[in-house]
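Subject: Handover of a structure, with notes

Dear colleague,

Here is the structure I promised to pass on to you.

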Amino acid sequence: MSRREPSSVRLMAAVLAVLVVVLGGLGISVAVVAGVADGVRAAANRLTSASAALPARPRTVTEQMQILTGTVQIERHIVTRFGQDFGPMYTHPFWSVHVGDTVVVRITSYDTGPAPLTGSQVMYDRVEGTIGGVETVDGAPVRTVPNDEVAHTFTVPGIGLNLPIPAAASGRTVTVVARFVARRAGTFVWQCYAPCGSGPTMMGGPMATMGWMEGKVQVLG
Ligand SMILES: [Cu+2]
């Protein structure tokens, strides 16, 4: 008996040691498998949230505006907007795009009266900030519009975009089309820099009224 006890103790110790090693190994394996599973789940979550934040882009969007003048043309807007005869005015003065969008701006003007740029605003007869540095006027690409033919501008200083809009020929419309890429998120005021309004400087009335010769472009991130 005196020799048996130590040997059985040794045996039990050995069994215990084996059990500890096996169970320990199992534990590590379980932990490793759980860790890997967690990692895979986290990666999958990251992928899901990343793809949720990124709808199919880049995309091309078109924003259409009109420049209306006179009571007849703006009549349908008077009731819904300001209740007074107040032209000229841009339609669709507030619009939103996304960062990365290629934006096609299409402006059709009914205004036949030029409003030449004066003083420091003469520089707004140049096309700025568009793809290729051009706009088309009734389909013909141009980089500038002669100052004495400018009737309005569509200018977004915060984006560096400037589109001079020439006066339409009598009884006609003129259509300006340009493309730009929205690169920075934010809300940017646009305005017309041609003195097409009222008052001594022709910068009053619609020129000073949000929704007429000024509005906002929102670029969503
Ligand atoms: Cu104007």
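The notes below go from confidence to overall layout, and then to individual strands and residues.

This is a predicted model, in which local features need pLDDT of at least 70 and side-chain atom pairs count only at pLDDT 80 or more, whereas totals for chains, interfaces and linings use all residues. Residues are numbered from 1 along each chain as its sequence is written.

Confidence

The pLDDT, which is the predictor's confidence in each residue on a scale from 0 to 100, averages 80 over the chain, and 67% of the residues score at least 70. Over residues 1-5 the pLDDT is below 50, and this stretch has zero contacts in the model beyond near neighbours in sequence, where a contact means that two C-beta atoms, placed from the backbone, lie within 7 Å. Where pLDDT is low, the predicted coordinates should not be read in detail.

Overall layout

The chain holds two helices and eleven strands, these being DSSP runs numbered from the N terminus (H or I of at least four residues for helices, E of at least two for strands). Along the sequence they follow the pattern α-β-α-β-β-β-β-β-β-β-β-β-β. Of the 221 residues in the chain, 28% are buried; a residue is called buried if 20 or more other C-beta atoms lie within 10 Å of its own, exposed if 12 or fewer do, and partly exposed in between, with C-beta atoms placed from the backbone. Among the contacts with a separation of 6 or more, 71% are between residues 24 or more positions apart.

Sheet and strand pairing

Six strands form an open sheet in the order β2-β1-β4-β9-β5-β6, with mixed pairing, where two strands pair if DSSP finds at least two bridges between them. The edges are taken by β2 (89-90) and β6 (140-142), each of which has a single partner strand, so one side of each is left without a neighbour in the sheet. At the β2 end, strand β1 (residues 60-68) is joined to β2 by two bridges and runs antiparallel to it, with Ile67 standing opposite Tyr90 in β2.

With β3 (residues 94-98) the pairing is parallel over five bridges, and Ser96 stands opposite Gln218 in β11. With β10 (residues 186-191) the pairing is antiparallel over six bridges, and the bridge partner of Gly186 is Val219 in β11. In a regular strand the side chains alternate between the two faces of the sheet. In β11, Gly215, Val217 and Val219 make up the covered face, while Glu214, Lys216, Gln218 and Leu220 make up the uncovered one.

Nonpolar core

A nonpolar core is a set of buried Ala, Val, Leu, Ile, Met, Phe, Trp, Tyr and Cys residues joined through C-beta atoms within 7 Å. The largest one has 41 residues, of which Ile107, Leu163, Val176 and Ala194 touch the most other members. At least two residues of this core come from each of β1, β2, β4 (102-109), β7 (150-156), β8 (161-166), β9 (174-181) and β11, and the largest share, five residues, comes from β9. Not counting residues up to four places away in sequence, Ala194 touches Ala115, Leu117, Val150, Ala151, His152 and Thr153.

Individual residues

Val145 lies in the loop between β6 and β7 and counts as buried because it has 25 C-beta neighbours inside 10 Å. Leaving aside neighbours within four places in sequence, Val145 is in contact with Asp125, Val150, Pro164 and Pro166, and its C-alpha is 8.1 Å from that of Val127, which is 18 residues away in sequence.

Most residues other than glycine have a negative phi, and most peptide bonds are trans. His92, in the loop between β2 and β3, has a positive phi of about 55° although it is not a glycine, and His92 is exposed, with 11 other C-beta atoms within 10 Å. Asp138, in the loop between β5 (135-137) and β6, also has a positive phi, of about 50°, and Asp138 is partly exposed, with 15 other C-beta atoms within 10 Å.

Best regards
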